[in-house]
Amino acid sequence: MKTSFSSTLSPANDDDAVLHHRLARFNRMRLSPHFIDDNWRTAIVEEAGCRLMEGTFIERERVAVQPVLHNLAATADSFIAWFEALRQTGPGQGDVLFPFLAETATRDQVRWFLTQEVAGEAGFEDLVALTQVKFPVRPKLELARNYWDEMGRGQEKGMHGPMLGRLAQDLDLNPAPETTVWEALALANLMAGLAANRRYAYQSIGALGVIELTAPTRAGHVAAGLKRLGVPAKSRLYFELHAVLDVRHSESWIREVLHPLIVADPRTMRPIAEGAMMRLAAGLRCFDRYRQEFGLVVAQAQRCAHVA
């Protein structure tokens, strides 16, 4: 049975922008090193309030994906087949936004898109590092290998985060939460919230895994658009690398992380699936917003993915 999935998880309003700008500030504070001061008690109280808001947001997102998970696979092998199929059938896959970026978008349009993406970047390596805590040996080792690749295998010039930063610098982008659409901030807030809270550890595994699964095609389109616009190869490297490397990362994630976890405890299937669908739905919500910016009209049928 197939169920259509729309990215409209909740009606958009001004409250969404207020919430996600506040959570973005909270995540910058929470994940950044800082010094002890005399106000640490007050900071803990304020953090508790933000974490309650974060939990309410994540639970709303989690509840929204339940209808497409009612016939979830019952065995490890069937679950893996379902997960791998998300590459074609998941929300946002094959979105017209990316061929547009590759073939038609102007330099200013690509710069606007990248500004949103850079501002909403949660830092994949940090998310992996937060997620891997206390996981079993085999998944933990794969997460470590993934982290090592993200860190350029110990070479600064190969680190993925700074590669994206160099692209932003070369294109004279000025990413800032204050000028970022709330949908992009919501995506980053979702990923940070899943990784930073151990009750969502398995959801984080699913969300990170589905990024590796689905990123290569999108990255390839963006790289093609940058090349078409004359952006030098060294500046395109972040997207060209992920168009290739994430294929291998995805295969390893499925083999070394998902499959062993599910075999050891089938209860992990549902939260992993929830995380994958939450991440894809949040991504589709961004694509919808970006297409609005570019005036791309897409029929409702094209906005919905079909998930077995």
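Start with the whole chain and its contacts (heavy atoms within 4.5 Å): among those with a separation of 6 or more, 85% join residues 24 or more positions apart. The model is predicted, local features need pLDDT of at least 70, side-chain atom pairs count only at pLDDT 80 or more, and totals for chains, interfaces and linings use all residues. Residues are numbered from 1 along each chain as its sequence is written, and side-chain values use heavy atoms, with hydrogens and water left out.

Next, show the cartoon. The protein chain has 13 helices and two strands; helices (H or I, at least four residues) and strands (E, at least two) are DSSP runs, numbered from the N terminus. The radius of gyration, taken over C-alpha atoms, is 19 Å, close to the 19 Å that the globule rule (2.2 Å times the number of residues to the power 0.38) gives for 308 residues, so the chain is as compact as a globular protein of that length. Its C-alpha trace spans about 55 × 50 × 45 Å along the principal axes.

Now look inside. Buried residues (under 20% relative accessible area, 1.4 Å probe, protein chains only) make up 52% of the 308. Select Phe79, Phe83, Leu101, Leu114 and Phe239: within the largest nonpolar core, which has 81 residues, these touch the most other members. Such a core is a set of buried Ala, Val, Leu, Ile, Met, Phe, Trp, Tyr and Cys residues joined through side-chain atoms within 4.5 Å.

Then select residues 269–294, helix α12, which supplies the largest share of this core, 13 residues.

Finish at Leu101. Leaving aside residues up to four places away in sequence, Leu101 touches Val110, Phe113, Val222, Gly225, Arg228 and Phe294.

Definitions and conventions
Buried means under 20% relative accessible area, exposed over 50%, partly exposed in between (1.4 Å probe, protein chains only).
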